Amino acid sequence: MTTPDWSDVDRFIVETVLENDETLNSALQDNATAGLPAIDVSPAQGKFLHLLARSVRAREVLEIGTLGGYSTIWLARAVGPKGSVCTLEYKPEHATVARANLDRAGIGDRVTIEVGAALDTLPKVAERGDIFDLVFIDADKENNSNYVQWALRLTRPGSVIVVDNVVRAGGVADANATESRVVASRELLQMLGNEPRLDSTVLQTVGSKGWDGFVFALVQE
Ligand code: SAM
């Protein structure tokens, strides 16, 4: 037998710990059919976001980067019928697929999709005066530091901010990196280390999505 790899372990985790979920499977299937890239969070990561949102009793969640709504479904289930998720997506065609997936999942009524570049739609979100318990940042990585600054404006002490894909197969530790997303990750982590309004850590992850990791930051009193 060959030695199991990260993807084998992720598959085993899905088979043993997570329930088979036809709604989520269908969302991934429809994303693929519509030609969306398979850059959603993994099932284990989606379940983690769901449990995290429930752990902090999140009622208002902001997501930056919808794609086909896979992570949005996990988050929207966590906030319950009285909660809401606002998710920001640049591409109208992604938002259309997401809307269909969310409605089929039965949680469409608690999700608002704002279409456009997030740096353009975030001011509109701010105008509404919503304060979010949890912010999940998973869009264009070059803007991660900007998104964290926006998240600070849109949260309260005790809110949680998660930023996905910051380890970039170890690239984040390369001081000579030139790739824009890696450079942005390095700048983000340096910013977090100097940001007194946040208490932050980074957890590395491996699995079906390769070697990466996410920021977990707690908004301070
Ligand atoms: N969170 C999704 C999930 O796990 O199912 C995956 C999101 S995918 C990694 C990133 C998404 O961010 C893509 O759909 C992309 O079109 C969107 N995006 C890229 N640049 C953006 C921007 N400036 N504003 C808003 N969304 C953007």
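This is a predicted model: local features need pLDDT of at least 70, side-chain atom pairs count only at pLDDT 80 or more; totals for chains, interfaces and linings use all residues.
**Ground rules.** I number residues from 1 along each chain as its sequence is written.

**Sheet.** I took helices (H or I, at least four residues) and strands (E, at least two) as DSSP runs, numbered from the N terminus. I counted two strands as paired if DSSP finds at least two bridges between them. On this basis I find an open sheet of seven strands with mixed pairing, in the order β3-β2-β1-β4-β5-β7-β6. I note β3 (111-115) and β6 (198-205) at the edges; each has a single partner strand, so one side of each lacks a neighbour in the sheet. Neighbouring strands are turned by 15 degrees against each other on average, direction ignored. For angles I used axes fitted as lines to C-alpha atoms, for helices over the stretch in contact, with values from 0 to 180 degrees between N-to-C directions.

**Around β5.** I followed the chain from β4 through helix α7 (residues 144-153) to β5 and found this β-α-β crossover right-handed, meaning that the path from first strand over helix to second runs clockwise with the strands pointing away from the viewer. Strands β4 (residues 132-137) and β5 (residues 155-163) pair in the parallel sense over five bridges, and L134 stands opposite V160 in β5. To β7 (residues 212-219), β5 is joined antiparallel by four bridges; there I see L218 as the bridge partner of V160.

**V162.** I then looked up V162, which is found in β5. V162 is buried, because 21 other C-beta atoms lie within 10 Å; the cut-offs are 20 or more for buried, 12 or fewer for exposed and partly exposed in between, with C-beta atoms placed from the backbone. Leaving aside neighbours within four places in sequence, V162 is in contact (C-beta atoms, placed from the backbone, within 7 Å) with F136, I137, F214, V215 and F216.

**Ligand.** I count 18 residues around the ligand (C-beta atom, placed from the backbone, within 6 Å), and D40, G65, Y70, S71 and Y90 come nearest. I find that α4 (70-79) and β2 (84-89) each supply at least two residues of this shell. I sorted the shell into nine nonpolar, four polar and five charged residues. Here Ala, Val, Leu, Ile, Met, Phe, Trp, Tyr, Cys and Pro count as nonpolar, Asp, Glu, Lys and Arg as charged, and the others, Gly among them, as polar.

How values were computed: Two residues are in contact if their C-beta atoms, placed from the backbone, lie within 7 Å.
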